[in-house]
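Here's a quick tour of one model, taken a few spots at a time. Have the structure open and follow along.

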Amino acid sequence: MRGPLNCRGALVLLTLALVMAGCGADDSAPGPRDTGTATCAPGELLLEGGGCQPAGLPQDMPCPPGEMPLEGGGCQPAGLPQDMPCPPGEMPLEGGGCQAAGVPPDACGQGFEPDRRGGCDPILPEAPCQPGQMAIPGDRQCRKVASCGVGDYGLIPVDAETQFVNGAYAGDDSDGTRARPWKHIQEGIDHARSGAIVAVAAGKYNEDLLIRPRPVRLWGRCPSAVEVVGTGAQNATIEILGRRASGSAVHSLAITGPGIGIGTTGASDVVVDRVWIHDTTSWGLDAVSELGRVGLTVSASLIEATKDLGMNITGSDATIESTVVRGVRASSTGEIARGINIDGSRAGQGRSTVTLRASLLERNDDLGVLVFGSDATIESTVVRTTRSRSGIPGGTGIQIQPDPATQERATLALRASLLEGNHGVGVAMAGSEATIESTVVRDTQPRSDRELGRGIHVQGDHATKARGKLTLRASLLERNHDNGVVITGAEATIEATLVRDTLPDDNETYGRGIHVEGDPTTKARGTLALRASLVEQNHEAGVYVEGSDATIEASVVRDTQPRGDRRHGSGVVAVASPAGTRERGTVTLRASLVEQNHEAGVFVEESDATIEASVVRDTEPRSNGTGGFGIVAQDGATTHQRATLALRGALLEQNREIGVLVVNSDVTIDASVVRDTQPRRNGFWGRGINIEHDPATRQRATLTLRGSRVEHNHELGVGVFASDATIEASVVRDTQPRGDGRGGEGIRAQHDTDTQERSTLALRASLVEQNHEAGVVVFDSDATVEATVVRATRPRRDETAGDGIAVVSSGAPAAVTVTSTQIESNARAGIASFSAAVLLVSSLVKCNRIDLDGEDTVEGKPFTFDGSKGNLCGCDNPDATCPVLSAELSPPASISPVRPEEP
């Protein structure tokens with residue numbers, strides 16, 4: 001038993017006051033706030049406005065630690081806001097109630113039915129239809145395009161002005177009557193009055209038809225019985241030309257030939273109804289504004305096995321309903337085939353406007369629907385199995401982009417539809433605007449070059465520099481490849497949408513739910529607003545933000561799986577853009593739930609994140625048992641640029657290894673709770689908060705922890721390694737030992753054993769209680785402890801250790817100033833100095849097994865309590881006699897920091 005070592009001759013217990021007097025101590029030792037005389041009792045803090053505050057949490061805190069003050073008064077516990085109208089992943093409805101992410105059952109399109117998993121399935125036959133047969137959503141069986149009825153003219157609504165055509169008529173006295181019909185359809189057209197019906201009986205008619213200069217209604221008995229075969233003498237088998245042909249119609253017949261099936265220009269109110277256009281050597285249907293805008297309605301028709309284009313709408317207006325376009329193949333000279341092509345006019349006639357409704361596009365080459373600088377509305381339609389040809393990067397379901405000639409943007413309104421089994425991209429957008437609602441995009445496959453397989457991709461246009469804009473609501477994206485949604489230098493708002501089960505690409509990489517990135521060509525940042533949505537069971541990352549900006553509100557990101565090489569699987573990731581621009585990512589996460597992901601719940605590298613009133617929990621480890629961090633904020637692996645993280649009102653619980661890990665970055669945590677972090681499978685770690693420097697650059701991490709709780713973690717509540725931490729008005733308690741029975745410390749500030757960089761800790765007005773081994777450890781570093789309570793530290797399982805504050809020098813100096821603090825009921829020492837310097841001022845040290853302990857553990861480095869004053873020690877009746885004992889106690893050992901793998 002002895003006093004401080006610079007009083008080497010003292011052989012009896014001495015009070016600190018006597019020691020200081022005998023060793024030349026002066027009265028200049030700092031008090032709690034200044035160098036003046038303290039007016040409060042030991043263990044109390046002199047307040048700036050006068051009065052005394054007992055050590056521990058401030059009495060004027062508006063809310064307890066771990067709770068956030070509300071604007072209207074009251075307190076909000078850390079985690080999801082208590083006043084949320086709906087749980088995360090659900091959207092409030094205007095009339096009350098909540099809508100789960102995905103397609104509402106009552107929003108499925110005509111001919112669809114709910115699948116009970118947040119999507120809709122089309123009612124269609126299981127097997128493909130045979131040539132000449134069709135099925136649209138709502139048809140359970142394949143059927144003919146139109147019924148033939150009975151008699152030569154079936155169901156044709158003939159009248160007194162009808163011109164009749166029958167190629168089988170044997171007479172040579174044709175006059176267009178039922179009794180003496182024309183043998184050629186063109187004869188009927190030529191003799192028909194304006195608006196009259198030309199009724200065509202069964203037969204194959206090898207001729208080209210021209211409707212001009214007046215409208216007629218060409219009507220076959222049925223497509224399976226009446227076929228017009230073009231000769232190639234004109235561009236299309238049937239041509240409808242000029243304004244005077246407006247009001248013309250083609251009903252219920254089949255069309256084929258060596259050119260286009262039907263071509264029209266300059267005519268309005270053109271109707272194509274129950275027509276089968278097939279096996280043409282060129283486009284199926286062409287409506288072009290060469291002679292003026294076309295107004296066209298296509299209904300209940302089948303276009304199949306045409307070349308290059310199923311339909312082309314240029315500078316015109318079209319409504320397409322209950323129609324099938326399938327099997328469009330690229331010709332030997334064609335570059336890219338398309339089911340439907342919608343294009344702006346090259347002749348000054350303006351944009352096309354097209355409505356596609358209750359239709360089916362399937363098994364076409366390269367593109368299902370392409371919209372150039374025009375406006376398309378697609379409803380209750382299926383676009384599926386668009387083919388990707390070898391050597392052609394195609395297979396996209398729907399693509400919209402500016403017109404390369406006029407540079408006008410395209411617009412798309414896609415509602416209550418299904419895109420399924422396409423290749424490359426389900427919906428691709430460049431420099432244009434789309435609103436997608438109540439739609440399913442699923443099972444997009446990689447292209448023939450094994451790339452992509454994305455559900456939706458929106459980006460800017462490199463030629464026009466126009467920014468893409470996507471609004472995605474109440475929809476489902478599932479089982480796509482590579483990425484569910486990609487936002488490249490564009491804007492996206494995603495609401496009440498379910499993105500799940502995105503699969504890795506053919507290289508076993510990616511599989512991300514939502515990916516937001518900058519455009520390396522235009523330098524534009526991507527922006528995402530994600531609300532009331534569910535992102536689950538994707539791979540590598542749920543939401544990945546690269547050099548761009550994302551706000552995630554009232555959403556759930558969960559159960560992200562590792563990719564094919566068993567790496568990653570984080571919920572939300574924010575990283576800088578690749579080498580070159582190095583734009584920082586920014587993420588704001590509010591009122592959201594991030595759970596059951598792998599490796600990290602939230603990963604921030606060389607970027608900035610704000611997490612408010614959210615929960616990050618149950619993060620799972622990697623396949624090798626490591627990782628499972630709640631939140632990681634770290635510097636760039638090559639640039640060493642810092643990350644920033646702000647937590648407010650957040651709850652982190654039941655994560656693995658570390659709740660919050662900070663490497664060479666800056667973190668502020670307010671009114672938050674970090675609890676129940678679990679050890680690795682080997683029983684080690686399980687730390688609440690861990691901050692550390694970058695050993696390559698020696699740049700330090702910083703932590704500010706205010707009004708928060710760190711509790712029920714393992715090994716360390718808060719670990720500070722070669723970094724700087726300020727902890728105020730917070731609780732660190734009940735840290736549990738790791739698997740080998742050691743550890744369980746509340747707070748540790750430690751140097752780096754390789755670089756010898758020191759830590760600094762400022763602990764103010766806080767509560768550190770019921771931890772194990774030590775409440776606060778300062779190892780080869782510097783700390784101030786002010787107006788804090790450190791109590792009830794428990795021993796290890798072997799009944800050793802249990803110090804309130806342990807200050808350890810292993811060779812480098814260690815120094816701690818403790819003022820206006822209460823240290824009580826710790827299992828071993830209240831304060832233990834191991835060859836370290838402790839300054840104890842105006843504090844209360846009571847009811848510890850040893851109140852003050854000093855040990856010389858490093859030769860030539862004596863412990864010291866020099867300058868200490870104004871303290872009380874003891875248990876039943878504490879007094880100013882504060883003896884320093886030497887009980888040959890063993891100091892805590894140094895421990896290792898933790899650096900995660902790259903994302």
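Leu218 has Val250, in strand S18, as its bridge partner. This is a predicted model, so treat what follows as a reading of that prediction. The pairing behind that bridge is a parallel one: S15 and S18 (residues 249–251) are joined over 3 bridges. S15 also pairs with S12, and here too the strands run parallel, with 4 bridges linking residues 197–200 to residues 217–220.

| Strand pair | Sense | Bridges |
|---|---|---|
| S12 and S15 | parallel | 4 bridges |
| S15 and S18 | parallel | 3 bridges |

Gly247 lies in it, between strand S17 (236–241) and S18. Is Gly247 buried, partly exposed or exposed? It counts as partly exposed, because its relative accessibility is 34% and that class runs between 20% and 50%. Setting aside neighbours within four places in sequence, Gly247 is in contact with Pro215, Ser268 and Asp269. Ala267 is 20 residues away along the chain, yet its C-alpha atom is 7.5 Å from that of Gly247.

Now for the largest pocket. It holds about 460 Å³ of space and has 21 lining residues. Pro393, Thr396, Gln399, Ala428 and Arg447 are the ones that lie nearest its centre. Which strands supply at least two residues each to this lining? They are S32 (367–372), S35 (396–401), S38 (425–430) and S41 (454–459). S38 gives the largest share, with 4 residues. By residue type, the lining splits into 11 nonpolar, 7 polar and 3 charged.

Last stop: Thr626, in the loop between strand S58 (615–617) and strand S59 (629–634). Thr626 is buried, because its relative accessible area is 13%, and the cut-off for buried is under 20%. What does its side chain make polar contacts with? One partner is the side chain of Asn624, at 2.6 Å, and the side chain of Arg622 is joined to Thr626 by a polar contact of 2.6 Å as well. Looking beyond four places in sequence, Thr626 touches Pro621, Glu657 and Arg680.

Notes: Residues numbered from 1 in each chain as written. Predicted model: local features only at pLDDT ≥ 70, side-chain atom pairs only at ≥ 80, totals over all residues. Heavy atoms only, no water. 1 Å grid on protein atoms, 1.4 Å probe; cavity = no way out; pocket = protein on both sides within 12 Å on 5 of 7 lines; lining within 4 Å. Points joined across faces, edges and corners; volume = space filled by probe spheres on them. Nonpolar A, V, L, I, M, F, W, Y, C, P; charged D, E, K, R; others polar. Pairing = 2+ DSSP bridges. Buried < 20%, exposed > 50% of the residue type's maximum accessible area, 1.4 Å probe, protein only. Polar contact = N/O pair within 3.5 Å; in protein donor to acceptor, adjacent residues only side chain to side chain. Contact = heavy atoms within 4.5 Å.
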